[in-house]
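The sequence and structure are shown first, and the notes follow by topic.

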Amino acid sequence: MTGRSATVRTLPAANEATIVVIGTLGHNSLIDKLVSEGRLNVDKIRGGWEQYAVEVVERPAAGIRKALVIAGSDRRGTAYGVFSVSEAIGVSPWYWRADVPVAKRTALRWT
C-alpha cells in the first residue's frame with residue numbers, strides 16, 4: 001500500500017516510534033500485560049467468540065511511543081480484527097479473489 005515493507009517481530013524492539021501489535025487474549029504477552037495494567041480494555045470481548053478490539057495505546061512498552069493494538073477474543077476474532085483494520089485503510093477484502101486494486105498511499109496514520 002505504501003511501498004514500504006514491515007518488519008515482523010515476536011517482541012517489540014526498543015526505540016520504535018510506533019508499532020502494530022496483533023494477538024489473541026491469553027496468547028500474546030504484550031497484549032496480556034496491557035490488559036493486566038488496565039491500559040487495554042477488553043471487557044466487551046473477553047470470553048466471547050470471534051470478537052476483537054482495536055485501540056491505540058500510548059507508551060505500550062519501554063522506548064515505544066504508540067501502538068495500534070488489534071486483540072482478538074480467539075484466533076478467528078484476531079483475524080477479523082486484522083481484516084477490519086485492513087478494510088479501514090482501504091484494502092478491499094476482495095484483493096486476492098477478484099483482483100481489486102489497492103489504492104497507493106504515501107503514509108498511514110492513526111490517532
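A residue is called exposed when its relative accessible area is over 50%, and buried when that area is under 20%. The model is a predicted one. Its sheet is open and has 3 strands in the order β1-β3-β2.

**Sheet**

- The pairing within the sheet is mixed.
- β1 (18–24) and β2 (52–58) are the edge strands; each has a single partner strand, so one side of each lacks a neighbour in the sheet.
- From one strand to the next, the twist averages 15 degrees.
- β1 and β3 (residues 66–72) run parallel and are joined by 7 bridges.
- Within this pair of strands, Thr-18 lies opposite Lys-66 of β3.

**Helices on the sheet**

- Helix α1 (residues 29–36) packs on the sheet and touches β1, β2 and β3.
- The direction of α1 makes about 95 degrees with that of β1.
- Helix α2 (residues 75–88) also packs on the sheet, with β1, β2 and β3 as the strands it touches.
- The direction of α2 makes about 135 degrees with that of β3.

**Helix α2 in detail**

- The 14 residues of α2 reach 20 Å from first C-alpha to last, close to the 20 Å expected at 1.5 Å a residue.
- Gly-77, Thr-78, Gly-81 and Val-85 are the buried residues in α2.
- Viewed down the axis of α2, the buried residues fall within an arc of 105 degrees, so they line one face of the helix.
- These buried residues pack against β1, β2 and β3.

**Loop between α1 and β2**

- Asp-43 is located in the loop that runs between α1 and β2.
- Its relative accessibility is 59%, and Asp-43 therefore counts as exposed.
- Asp-43 and Ala-53 are 10 residues apart along the chain, and their C-alpha atoms are separated by 9.5 Å.

Definitions and conventions: Residues are numbered from 1 along each chain as its sequence is written. This is a predicted model: local features need pLDDT of at least 70, side-chain atom pairs count only at pLDDT 80 or more; totals for chains, interfaces and linings use all residues. Side-chain values use heavy atoms; hydrogens and water are left out. Two strands pair if DSSP finds at least two bridges between them. Helices (H or I, at least four residues) and strands (E, at least two) are DSSP runs, numbered from the N terminus. Axes are lines fitted to C-alpha atoms, for helices over the stretch in contact, and angles run from 0 to 180 degrees between N-to-C directions. Contact means heavy atoms within 4.5 Å. The expected span of a helix is 1.5 Å times one less than its number of residues. Buried means under 20% relative accessible area, exposed over 50%, partly exposed in between (1.4 Å probe, protein chains only). The arc is that of the directions from the helix axis to the C-beta atoms.
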